[in-house]
Amino acid sequence: MSGLSGKHALVTGGGSGIGAAIALDLANAGALVTITGRRKKPLENIASSHDNINLQLMDVANEKNVLEALTAIQKTFGPIDILVANAGIAETAPIQKTTLDMWRKVQQINVEGVFLCIRELVGHMVEQKWGRIITIASVAGQKGVAYGSAYSASKHAVVGLTRSVAIEVMTKGVTVNAVCPGFVNTAIVEKSAANITAKTGMGEKQAVDILAKLNPFGRLIEPEEVSSAVLWLCDDNAGAVTGQTIQIAGGDV
Ligand code: NAP
């Protein structure tokens with residue numbers, strides 16, 4: 001693995017879970033990393049743990065805020081060479097109980113947020129003939145998920161967006177790939193387990209076990225197992241990998 005020193009990486013949603021693991025791996029590989037999110041405290045916790053990590057508040061669902069935040073980040077820390085579009089939410093409900101508000105919120109954060117960041121940052125990568133765009137999609141972007149229609153539709157959209165941009169910039173030294181995790185040990189799974197507990201009365205550990213067993217290999221995936229794939233995609237020697245979906249899913253899909 002060649003080092004990433006001299007590269008500036010943006011990790012959206014880098015204050016927790018998968019994004020935090022990615023930020024730390026990229027920083028350890030020598031990149032300057034900017035992490036973003038809506039809550040300052042978790043961003044501060046991660047940024048204070050590594051000299052290479054800076055933070056900026058940014059709500060990916062708000063175009064004006066994205067434009068202002070990306071301008072501020074690049075003015076202070078330089079242009080962005082690596083985008084990890086990781087920020088996302090998971091909301092679940094049976095289709096008949098999926099409100100239009102919930103549907104729109106999920107698409108706005110999970111799809112529009114990724115689109116806005118790519119649109120604003122790909123130009124510099126193309127100009128300098130080097131760039132890495134990695135979207136954190138999901139196995140739910142490759143198969144249907146009962147009670148997860150809004151989420152699954154959003155992740156299918158992220159995969160389509162990723163593949164399309166990959167083709168647009170294929171000859172420009174910029175790779176664009178989607179990493180698709182199964183169930184990962186983060187707040188999203190904790191929240192899903194809490195939902196199961198609230199609806200069924202079963203214990204939280206039992207609920208987590210049910211989710212873990214949805215990964216065919218029978219355990220939750222750790223955030224670091226996802227970030228190692230992201231790190232590999234950033235390598236110069238991964239320059240031939242583009243337009244792909246990379247499953248980190250314990251045998252799923
Ligand atoms: P997480 O810890 O809840 O991370 C989600 C991050 O996204 C948070 O740091 C959150 O920060 C940020 N975020 C949410 N809405 C945002 C918004 N409007 N603007 C900016 N940032 C926002 O959960 P995670 O599991 O690490 O999720 C990371 C990504 O992995 C998501 O895209 C998720 O869909 C995907 N994924 C997760 C799993 C899993 O099982 N955990 C599986 C497949 C895919 P703030 O709340 O501070 O904004």
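A polar contact is a pair of N or O atoms within 3.5 Å; within protein, one of them must be able to donate a hydrogen and the other to accept it, and residues adjacent in sequence count only if both atoms are side-chain atoms. The model is predicted, so that local features need pLDDT of at least 70 and side-chain atom pairs count only at pLDDT 80 or more, while totals for chains, interfaces and linings use all residues. Residues are numbered from 1 along each chain as its sequence is written, and side-chain values use heavy atoms, with hydrogens and water left out.

**Exercise 1.** Find which side chains place a polar atom by the ligand, and state how much of the ligand the protein covers.

*Solution.* Begin with the ligand's oxygen atoms: a polar side-chain atom of Arg39 lies 2.9 Å from one oxygen atom, and a polar side-chain atom of Lys155 lies 3.0 Å from an oxygen atom. Finally, of the 870 Å² of accessible area (Shrake-Rupley method, 1.4 Å probe) that the ligand has on its own, the protein covers 94%.

**Exercise 2.** Identify the residues with the most partners in the largest nonpolar core.

*Solution.* Such a core is a set of buried (under 20% relative accessible area, 1.4 Å probe, protein chains only) Ala, Val, Leu, Ile, Met, Phe, Trp, Tyr and Cys residues joined through side-chain atoms within 4.5 Å. Among its 36 residues, Leu83, Ile118 and Ile133 touch the most other members. Beyond its neighbours within four places in sequence, Leu83 has contacts (heavy atoms within 4.5 Å) that include Leu10, Ile118 and Ile133. A second, separate core has 33 residues, including Val33 and Trp130.

Methods. Buried < 20%, exposed > 50% of the residue type's maximum accessible area, 1.4 Å probe, protein only.
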